[in-house]
Amino acid sequence: MTMLISLESYGKNAMRLSRTCECDRSIRSDQPAMARRPSSFRLLDLVRPFTPLLPEVREPGRRVPFRQKLACTGASLFAFLACSQLPLYGLHRAAAAAGADPFYWVRAILASNRGTVMELGITPIVTAGTVVQLLVGSNVVRVDSASCEDRALLTAAQKLLSVVITAGEATAYVLSGAYGSVGDLGAGNAILIVLQLMFGGMIVILLDELLQKGYGFGSGISLFTAANTCESIVTRALSPATVNRGRGAEFVGAITAAAHLLATRADKLSAVREAFFRGGLPDLCGLAATCVVFLAAVYLQGMRVTLPVRPRNAPRGHHGGAYSVRLLYTSGMPVVLLSSAVSSLYLVSQALYRRFGGNFLVDLLGRWTDAAAGHSVPVGGIAYYMTTPPSMASAVANPLHAALYVVFVLAACGMLSQAWVLVSGLSARDVARQLREQQMVMPGMREASMQRELERYIPAAAALGGVCIGALTVAADMMGAVASGAGMLLAVSTVYQFYESFEKDRDH
């Protein structure tokens, strides 16, 4: 038997913490809560009255066949992409184009699409899952992981928090002027837009739950982010759309533009030079940078330390299996957490600056200006130094901005990776306990020594892996890759995890 214990992404960590069983319906029964649990009041019990109101995807009664899982995963992806192209009703396009776009810088990783039902993307569910896991990991919310009822309540708490955050972000998004002023929209249209954004958030929540409960592969969060990133790369490489920047019509797609330039220009050297360096539009140089980042991510994804394990009562000569500690131990989670936090900061900073610009504290948080592309860009304050320099030339011209940005991303990714290990059940102590529960031991070691052996590798992998993820993200963004570095890292991790899921399901 070969047992390869791989690292989990955010979606699978959330699924492990919130996985329910058949007894989850017991919390919806009419029995008094005190009759079921005579213990003292807990914060988690506040969720109990809301559980009958929350929509739920039932657990499959049997093992879902491989082809059915594949079809369900494809259908979920199609539904998400369809909603990503469904425009918001009641939106005035001219006002929306003039409005601020707080999520412009992180749309790829948040799987959101401007002006559509999927405007908020996965932000609410990621934020809710992160908050719940932090509360559980810090013991603010006490959960008995062996209790089906507690796991069901935890799932309900995360879902309820996702709905609340969706409503809050949708309201803040409209009030911040993302679609123009509320006066121009009208109260009726403003309320209608908020309701549509809440509907999109519920679709994401239910699709993610559908996949996590075994009807499909992996988690919806990872799938949607990877699909959004791949769509962005294909669009910027092959798009036949044209723009006019005062030099005639130019193709948006890098490969399409290169083919057109080579076919129409008499000076082929000039055509090649322009195809590789097109300021403001996707070019072959950015496409090459994208390929380099993808290959680097794939290489790092395969780096691991393998620790031998075997069943406790295995006969002599039993080969056992292996526990693998990858370099990217927390996968793309540091980037997801960082992007979610930065997007929330942008949202708050823009809303405050539009209403209270000139105040010292507001300006310290961020000063904003409208760019020619129709979105706002930070020009000062904390938000400015947390934003990628637009190009390598800009980084050279403003080395302080570039240096502070690089330090911020590397330090934040390293610390968030270590924090995620502690709160998500991936620490050396948690892994050693899981191995003991599975009756697995490391050859030549006592059970008490397993944790010390794991502590040699897991903390270092978490910190170094987080820094590597941050470095790849910075490199991709500053080299002008056609997709964000964070999105590409998540896409590679997701594809790798889906491949492992396919192989595991086929073996069964």
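**From the whole chain to single residues**

Modeller: Residues 24 or more positions apart account for 70% of the contacts (heavy atoms within 4.5 Å) in the protein with a separation of 6 or more. The model is predicted, so local features need pLDDT of at least 70 and side-chain atom pairs count only at pLDDT 80 or more, while totals for chains, interfaces and linings use all residues. Residues are numbered from 1 along each chain as its sequence is written, and side-chain values use heavy atoms, with hydrogens and water left out.

Biologist: How many helices and strands does the secondary structure of the protein come to?

Modeller: Helices (H or I, at least four residues) and strands (E, at least two) are DSSP runs, numbered from the N terminus. By that rule, the protein has 22 helices and 8 strands.

Biologist: What share of the residues of the protein count as buried?

Modeller: Buried means under 20% relative accessible area, exposed over 50%, and partly exposed in between (1.4 Å probe, protein chains only). Of the 508 residues, the buried share is 51%.

Biologist: Which residue in strand 5 is the bridge partner of Thr306?

Modeller: Two strands pair if DSSP finds at least two bridges between them. Strand 4 (residues 304-311) and strand 5 (residues 321-326) pair in the antiparallel sense over 6 bridges. In strand 5, the partner of Thr306 is Ser324.

Biologist: Which residue in strand 8 does Pro311 stand opposite?

Modeller: Strand 4 is also joined to strand 8 (residues 440-441), by 2 bridges, and the two run antiparallel. In strand 8, the residue opposite Pro311 is Met440.

Biologist: Is His401 buried or exposed?

Modeller: His401 belongs to helix 18 (residues 399-423). Leaving aside neighbours within four places in sequence, His401 is in contact with Tyr384, Tyr385, Thr387, Thr388 and Pro389. Because its relative accessible area is 4%, His401 is buried.

Biologist: How far does the backbone oxygen of Thr387 lie from a polar atom of the side chain of His401?

Modeller: Thr387 is among the residues in contact with His401. From the backbone oxygen of Thr387 to a polar atom of the His401 side chain, the distance is 2.9 Å.

Biologist: How far apart in space are Ala351 and Leu175, C-alpha to C-alpha?

Modeller: Ala351 is found in helix 14 (residues 333-356) and is partly exposed, with a relative accessible area of 22%. Ala351 and Leu175 are 176 residues apart in sequence, and their C-alpha to C-alpha distance is 7.8 Å.

Notes
A polar contact is a pair of N or O atoms within 3.5 Å; within protein, one must be able to donate a hydrogen and the other to accept it, and residues adjacent in sequence count only if both atoms are side-chain atoms.
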